Amino acid sequence: MKAHLLSTADLDREGALQILDTAQELARVADMPIKKMPTLRGRTVVNLFFEDSTRTRISFEAAAKRLSADVINFAAKGSSVSKGESLKDTALTLAAMGADAVVIRHSMSGAPHQLAHADWMDAHVINAGDGTHEHPTQALLDAFTLRNHLADHISAPKQGSVGLDGLHVAIVGDVLHSRVARSNVHLLNTLGAKVTVVAPPTLMPLHNDGWPCEVSYDLDTVLPQVDAVMMLRVQRERMEGGFFPSEREYSQRYGLDERRAALLPDHAVVMHPGPMNRGLEIASRVADSDRSVIIDQVRNGVSVRMAVLYLLLGGNESALSEVNA
Amino acid sequence: MSAKVLRNVRPLGGELVDVLIDDGVIKAIGAKLPIEDAEVIEGNGAILLPGLVDLHTHLREPGREDAETVLTGTAAAARGGFTAVFAMANSTPVADTAAVVEQVWRLGQEAGLCDVHPVGAVTVGLKGQQLAELGSMADSAAKVRVFSDDGHCVNDALVMRRALEYVKAFDGVIAQHAQEASLTAGADMNEGEVSSQLGLKGWPRVAEESIIARDLMLVQYVDSRLHLCHISTAGSVQLVREAKARGVNVTAEVTPHHLSLTDELARTYDPVFKVNPPLRTQLDVDALRDGLADGTLDVVGTDHAPHADEDKDCEWGCASFGMLGLQTALSVVVDAMGDRLDWAGIADRMSVRPAEIAGLSDQGRPIEVGEPANLTLVDPDSTWIVDPIELGSKSRNSPFAGRSLPAQITLTLLRGNITYRSQKVAQ
Amino acid sequence: MTAVPVVLDASDISRALTRIAHEIVERNKGCANVVLLGIPTRGVPLAKRIAQRLQDIDGTQVPSGSIDITMYRDDLRLKPARALSITEVPVEGVDDKLVILVDDVLFSGRTIRAAMDAVSDLGRPQAIQLATLVDRGHRELPIRADYVGKNLPTAFDEAVHVHLSELDGEDSVVLGRDRS
């Protein structure tokens, strides 16, 4: 059975660290005069993006190309619902084209899971974001960024690679609809960090007993306690969906403005998966401040995605250690 | 049509007897009946039940004959031991006029495999705004008595009130699909731990319970009769129990899948498990089983919902809601209820009470001399593996595919005619 | 339990490395432009030891680092993707330098081929040379070492195990049956 990267909930500590350590080594490719290694020569990686996302798609494309893989970009219009080609037929086409890996971004939760488990095709499936479910490579690059920036505040383990033990991370924003939040809650927890999610009650899942994190509605209380704060984007649909009274009130109660940024400990970093609504969930000056690692997140995205592609495709079978393999 | 003798059968799980059937009725019951000029069907101790009656089936014709037709749907029903089914009104066109219900009724007659009783829509086009011509449908050849907008809820309280009042004139009953629309817009599965982890929009229990609570008050206020389709939550069971204790004239229905499956199955993201109302948690399953055992829930209704392959072979978010149910109903109920319901109890929930609620005089009858021979034979000891291709339906969306289930139907008789016979029944 | 044949003991290894260092200085007329890159795993401590000897002999501090060749292997598809080792290129880089690759055992030559590809992606050296502690023969590519600690003819199915104190607690080279 082929291995896939569908969800960070499927990664155990060993598997997560394996990806981060590999990414660490591959990060130097960006500094080489020739930004290429021959490792995935002859492999075909398909970017199957049902949702627009230039940023993520380019990141995966760069990652695949730096490993000398062939990249095919397949911008599928909508889903079965808009009566374009069905997911099943698209998968059958990709299989016929000889795709070795399919990077899929889809507006519906569970689509990568179906792609991986239906018998339509044989390729490795990498989830680049499915509905409100998961975005595993985002969480991995977030963890990678945290590990590099907060090395002094992480407790080193007795044996094995360094994780995120001892860190406390806050995730703030539309947690209910955020795949970035879900992936991060799993992964940060697996790597030994403590997580607190902060949101207005209407944007917090009602049933969260199974989530390995604390829940708070009060951002000001949480900020002084954390080593990192991850701000989530507020989407337009939520603003019009009656989840909170107005943008102004949201920004006042849950936005990371300069006053709030000053509540953070000196060493704490500010993160955002992008794209940002400057002035809504995060103030411009905070996004551009010294403690912001947002640009690093983007840069690290390529290394992390290279690591995932290498581990899945680099050998005769996947080398990724998975919880439910 | 020749006479038949069912040899060595046990009516409602009781004594071993032979049953002589002729001219569509039971002629004699006793030990070792004479068998000249009669076809002998060896029962080998099988259980004899009154033919099952399903108050909640979707036959899809007219409109979606690619998924099912009256012919294939009734064939599937006969396989499941049913001798009467109530065909829900959400066809295309909607069954909101005498013309459409008569068409469906006639198709059922022509197929001859199972009595088809069309359910009339409560509102025109199922839009929930204007009452459909309930009286005309009642007076038509189809003699509609059960009315439902199933698929949709009669959401407006005033419209529901009017419907409940109007049907009193001809002893009709409104069967409500309880789903508060504003609380379930875009929802795909039960709202709970599983949905919060899977990133699928949740369907809160309160969307069903709030409508039920309202309608229980309405039906008591206007002194009418209410039937509640596919109850799915523990809270709903409790509401019905309390209402019955107060003397409210309400009956309630539960599906086989809600008696046995939970929302954990959604983790597979396989849309075969996507259904309205959604699969809930084990707590709800347990409460539904309690309710069926103690009679709070009067009947089992299959909510048989066939769908073409392409409507289920896609992303969860765009898959259609619904599961097949006719062929597996009895087996699943036996499996889920175990010792809590004996054969007489099964017959009560799946034949007697549904026939009473719908006002059928020739179904759900006692197994006695003189009664119509609408019967089904069940082998209690055999198990069978559900193969979605072999279910007799045009569609294949069964959530029990691949499972081993107990209690297999071996023979179904509609007024003495054999409408289904498995290979296992010996001559 | 049969005694494992020890081919080189600690002092043999030390003398070999010293001789290699002298040969490097002699052949290149000093080591002004030399950069040592050890191939993980055991090539790395060997490179460091050679660098130390070069400093003792010539007085120059020769940069040494490591170059992981996993991504350049030609046999990647035979096993699941292997874990990567650390690549540390000295700040001097490799452009116009005399890069000396250092490995513990030279066998088929494929590792060195991969190493040369890896070095080419780092820059353009003036030249690449190879130093190996043991040359056990059975080349599958036209590759030869410039500096050899010991020539050791072996059977194809024999295994050569190099132990270094930095990693294994002792210095020795032993032979065994069955390639590991």
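Trainee: Which chains share the most contacts?

Mentor: Chains A and B do, of the two pairs of chains in contact. Keep in mind that this is a predicted model. Chains B and C do not touch. Their nearest C-alpha atoms lie 27 Å apart.

Trainee: How many residues of chain B are in contact with chain A?

Mentor: The general idea comes before the count. The size of an interface is often given as the accessible area lost when the parts come together. Here we count residues instead. On chain B, 16 residues are in contact with 23 residues of chain A. The chain B side of that contact holds six nonpolar, five polar and five charged residues.

Trainee: Now chain A itself. What radius of gyration does chain A have, and what would a compact globule have?

Mentor: Chain A has 19 Å. A compact globule of 325 residues would have a radius near 20 Å, so the two agree. The C-alpha trace of chain A spans about 55 × 50 × 40 Å along its principal axes. Buried residues make up 53% of the chain A total of 325. A residue counts as buried when 20 or more other C-beta atoms lie within 10 Å of its own.

Trainee: What share of the contacts in chain A joins residues at least 24 apart?

Mentor: Take the contacts between residues at least 6 apart in sequence. Of these, 76% in chain A join residues at least 24 apart.

Trainee: How many helices and strands does chain A have, and how is a sheet read from them?

Mentor: Chain A has 12 helices and nine strands. To read a sheet, follow the strand order, then the direction of pairing. Five strands of chain A form an open sheet in the order β7-β6-β5-β8-β9, with parallel pairing. At the edges are β7 (214–216) and β9 (269–271) of chain A, each pairing on one side only. Neighbouring strands of this sheet are turned by 20 degrees against each other on average, direction ignored.

Trainee: How many bridges join β5 to β8 in chain A?

Mentor: Four bridges join β5 (residues 168–172) to β8 (residues 228–231) of chain A, and the two run parallel. A:Ala170 stands opposite A:Val229 of β8(A).

Trainee: Turn to chain B. Into which domains is chain B divided?

Mentor: Domain 1 of chain B covers 3–48 + 370–385 + 401–421, and domain 2 covers 51–358. Their centres, taken over C-alpha atoms, are separated by 29 Å. In the contact between them, 16 residues of domain 1 of chain B meet 19 residues of domain 2 of chain B.

Trainee: Which strand gives the largest share of the domain 1 side of chain B that touches domain 2?

Mentor: β16(B) does, with seven residues. On that side, β15 (375–385), β16 (404–414) and β17 (417–421) of chain B each supply at least two residues. By class, the side of domain 1 of chain B that touches domain 2 has 10 nonpolar, six polar and no charged residues.

Trainee: Why is β2 of chain B described as largely enclosed by the rest of the structure?

Mentor: Five of the six residues of β2 (residues 17–22) of chain B are buried, so the strand is largely enclosed by the rest of the structure.

Trainee: What pairs with β2(B), and in which sense?

Mentor: Now the pairing. β1 (residues 3–11) of chain B pairs with β2(B) in the antiparallel sense over four bridges. There, B:Val9 has B:Val17 as its bridge partner. β2(B) is also joined by five bridges to β3 (residues 25–30) of chain B, again antiparallel. In that pairing, B:Val19 has B:Ile29 as its bridge partner.

Trainee: Which turn residues have a positive phi in these hairpins?

Mentor: The hairpin of β1(B) and β2(B) has five residues between the strands, and B:Leu12 in the turn has a positive phi of about 55 degrees. The hairpin of β2(B) and β3(B) has two residues between the strands, and B:Asp23 takes a positive phi near 55 degrees.

Methods
Residues numbered from 1 in each chain as written. Chains lettered and ligands numbered in written order. Predicted model: local features only at pLDDT ≥ 70, side-chain atom pairs only at ≥ 80, totals over all residues. Contact = placed C-beta atoms within 7 Å. Pairing = 2+ DSSP bridges. Axes fitted to C-alpha atoms, helices over the stretch in contact; angles between N-to-C directions. Nonpolar A, V, L, I, M, F, W, Y, C, P; charged D, E, K, R; others polar. Rg over C-alpha atoms; globule rule 2.2 N^0.38 Å. Buried ≥ 20, exposed ≤ 12 C-beta atoms within 10 Å, placed from the backbone. Domains from an automatic or database assignment.
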